[in-house]
Amino acid sequence: MEEKITAAAEEYAPAETKSGGQKMRRTRREKFWAYFRRNYMLYLMTIPAVVLLLIFNYYPMAGLQLAFKDWNPWEGIWGSPWATNADGELDVLAHFKTLMGNDLFWTKFGNTLRISALKIVTGFPVPIIFVLLMNEMAWPFFKKLSQTISYLPHFISWVIIAGILMAMTQTDSSMQLLLERVFGHQVLFFADNTSFLVLVLVSDIWKNAGWEMIIYLAALSTISPELYEAAEVDGAGRWSKMRYITLPGIMPAICIRLIFTVSGIASAGFDQIFNMYNSTVYDVGDILETYLYRTGIVGGQYDLSAAMGLFNSVIGLILTLTANWIVNKAGGEGIW
Amino acid sequence: MVTSQKGKDGGFGRAARHFFKRTFGKKPGTIVFNTLLYLFFLLITVIMLYPFLYVLIKSLQTRELIDGESQIVLTLAAYGTVLDDSSYITAFVTTIVVLVIKVVLALLVSFMIAYPLSKHYFKGRKFYLVFLMITMLFSGGMIPNYILITQVLEWRNSYLVYIFPGLVGAYNVFVIKSFLQGIPDSLEEAALLDGANPFVILFFIYVPLSGPIMATIGLWVGVSVMNNWMSGVLYITDANKRLIQNLLRDILLTASSTDVGGWGGDSELMAMAENVKMASIVIGILPIVIMYPFVQKYFIKGMLVGSVKG
């Protein structure tokens, strides 16, 4: 026991200046072994997680080399030869060139950007408006209740939401009867391009707007009540307090959310689209990731799809890093 | 005068008036504004709940011919049909078993790496942090993962695909790490003096103090299993090995959509009556909806812990 304490004390003590390089090096090595003998179990502890990450995260990352290779099912990713172009010449970028020259690919890319952009425009302000209005409610019970209920859809999977939406928009549903009365005809949400987009946007807001309030509510709770009291003394009304205290108070959170939402523009929500779309709305609803699924997993064109995936994630990565850089530059706290 | 007033409507009336004043304000303009505000949020709440109520009501309704006329009848029959269906029970049991195993393993493995990382004297900490961070920034994407599972590991139609991919999340590790850093070092030092090794310290000192964070991470992992449909679509073709979401996907979506995933041939499920479909949704989301009010604070806490820099 005594030894342990002295060892620990040595460990934290400032390095003594020793004369003679040879001696010092040996001491350092000894020190390291003393440290390792004492703490090797900490390293043992990390092994399971490290092994899992190596297999399920790092190995697939290395597998992205497939984007530069011609897939050979018998050789696997590592054994497949490097990609060749149409003339059989070595060209590792062959798959990317195929994609760049493919109109379908650009259509899907355009669809991805369109859906993301529309989601940002329609969905981003909603939680902010909710939070600003919620802040005006003086009845804690009702406030809590409406918060709790609006978080709930976040925990429901897109499989179930898509199922519910299909049931709700059936020809004999009350929603369709209402639409018939208002517009004079029913709306085929899962077969008409524009209506499908509307459904995608509305259901996305329904699922996520409540949950996104949490960040803003947390920002709200950091605003000092004294500010409001002082403003009241100065005769500020409800509107001025919202405009000059609440909104500036949550502005940093809004900026950070906005930057990161915009940086996610390359992925338009695979889970949602995959469960909601069908071939009749491919023109607007088919995004890059669903297209990738169909060409890769279903169609078996692994190499081309890997190139597509790499293209998409590189764009996503660049945008995310840029976003983080901007947030850090602006004095906020990025995620890194 | 004052006393008679008090005697007339008693404590309750006063409390009600007080409540009204606090909630709706005093001036007419404020009262109108507040009323509109409450109505607005009432509307939002109803919209949020409407799809759930719709499903619930539809699951209880069925059309029957009574006296030669088609009428809507309220009945619990659909729930009987669902619960009698062995495929539903199988999927439910599979999901629960996978959930328990995955939650336990995920907590175990994540705590075991988070604990050393929470120690400032742990050499190589920086390296580990970068090693974890990289998994948050880059991913192989769908195709390399698919090849790994189907051709390298050959886990097609194996329950293992539900458990091991994504078992360790770097984000979870960071959240646990920052929680452990909040526990005073003196506890660990005392145990070290008693000759305890790191495993003993972690499992007998730190873990018992980590209830809230275990609940948070456990619930995240649990919800991800309850809502996992992707693994089933990609890797499972055996209908007896489906998770609940895959069963629901087959019942609800495969029949009407033209995509290629899933188990197209299950004609019995496709022909299901509307109320049976809706009842299966209700049963599918029931575990989450029932647990949700009690556990939501952990989700929110975890969400906010995560926003603290690691």
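**Exercise 1. The setting of K102(B)**

*Solution.* The model is a predicted one.
Step 1. A residue is buried if 20 or more other C-beta atoms lie within 10 Å of its own.
Step 2. When neighbours within four places in sequence are left aside, the contacts of K102(B) are I163(B), L167(B), V221(B) and V225(B).
Step 3. For one of these partners, L167(B), the separation along the chain is 65 residues, while the C-alpha atoms of K102(B) and L167(B) are 7.1 Å apart.

**Exercise 2. Burial along α6(B)**

State how many residues of helix α6 of chain B are buried, and identify them.

*Solution.* 
Step 1. Helix α6 of chain B covers residues 142–152 and has 11 residues.
Step 2. Of these, 8 are buried, and the helix is accordingly described as mostly covered.
Step 3. The buried residues are M142(B), I143(B), P144(B), N145(B), Y146(B), I147(B), L148(B) and I149(B).
Step 4. Just after α6(B), the backbone at E154(B) adopts a positive phi of about 50°.

**Exercise 3. The two domains of chain B**

Describe the domain division of chain B and the contact between its domains.

*Solution.* 
Step 1. The domain assignment places residues 2–75 in domain 1 of chain B and residues 79–306 in domain 2.
Step 2. The C-alpha centres of domain 1 and domain 2 of chain B are separated by 38 Å.
Step 3. Across the boundary, 6 residues of domain 1 of chain B are in contact with 6 residues of domain 2 of chain B.
Step 4. On the domain 1 side, α2 (28–60) and β1 (61–66) of chain B each supply at least two residues.
Step 5. The largest share of that side comes from α2(B), with 4 residues.
Step 6. By residue class, the side of domain 1 of chain B that touches domain 2 comprises 2 nonpolar, 3 polar and 1 charged.

**Exercise 4. The packing of α10(A) and α12(A)**

Characterise the crossing of α10(A) and α12(A), and list the residues that meet there.

*Solution.* 
Step 1. The axes of α10(A) and helix α12 of chain A (residues 238–263) come within 9 Å and cross at roughly 140°.
Step 2. Because of this angle, α10(A) is oblique to α12(A).
Step 3. The crossing of the two helices, α10(A) and α12(A), is right-handed.
Step 4. From α10(A), the residues I215(A), Y216(A), A219(A) and L220(A) meet T246(A), G249(A), I250(A), A253(A) and R257(A) of α12(A).
Step 5. The residues of this contact comprise 6 nonpolar, 2 polar and 1 charged.

**Exercise 5. Chain A and its interface with chain B**

*Solution.* 
Step 1. Between the chains, 63 residues of chain A are in contact with 75 residues of chain B.
Step 2. The side of chain A that touches chain B is made up of 43 nonpolar, 17 polar and 3 charged residues.

Methods. Residues are numbered from 1 along each chain as its sequence is written. Chains are lettered from A and ligands numbered from 1 in the order in which they are written. This is a predicted model: local features need pLDDT of at least 70, side-chain atom pairs count only at pLDDT 80 or more; totals for chains, interfaces and linings use all residues. Two residues are in contact if their C-beta atoms, placed from the backbone, lie within 7 Å. Ala, Val, Leu, Ile, Met, Phe, Trp, Tyr, Cys and Pro count as nonpolar, Asp, Glu, Lys and Arg as charged, and the others, Gly among them, as polar. Domain bounds come from an automatic or database domain assignment. A residue is buried if 20 or more other C-beta atoms lie within 10 Å of its own, exposed if 12 or fewer, and partly exposed in between; C-beta atoms are placed from the backbone. Axes are lines fitted to C-alpha atoms, for helices over the stretch in contact, and angles run from 0 to 180 degrees between N-to-C directions. Angles under 35 degrees count as roughly parallel, over 145 as roughly antiparallel, 65 to 115 as roughly perpendicular and the rest as oblique. A crossing is left-handed if the near helix is turned anticlockwise from the far one by less than a right angle, and right-handed if clockwise.
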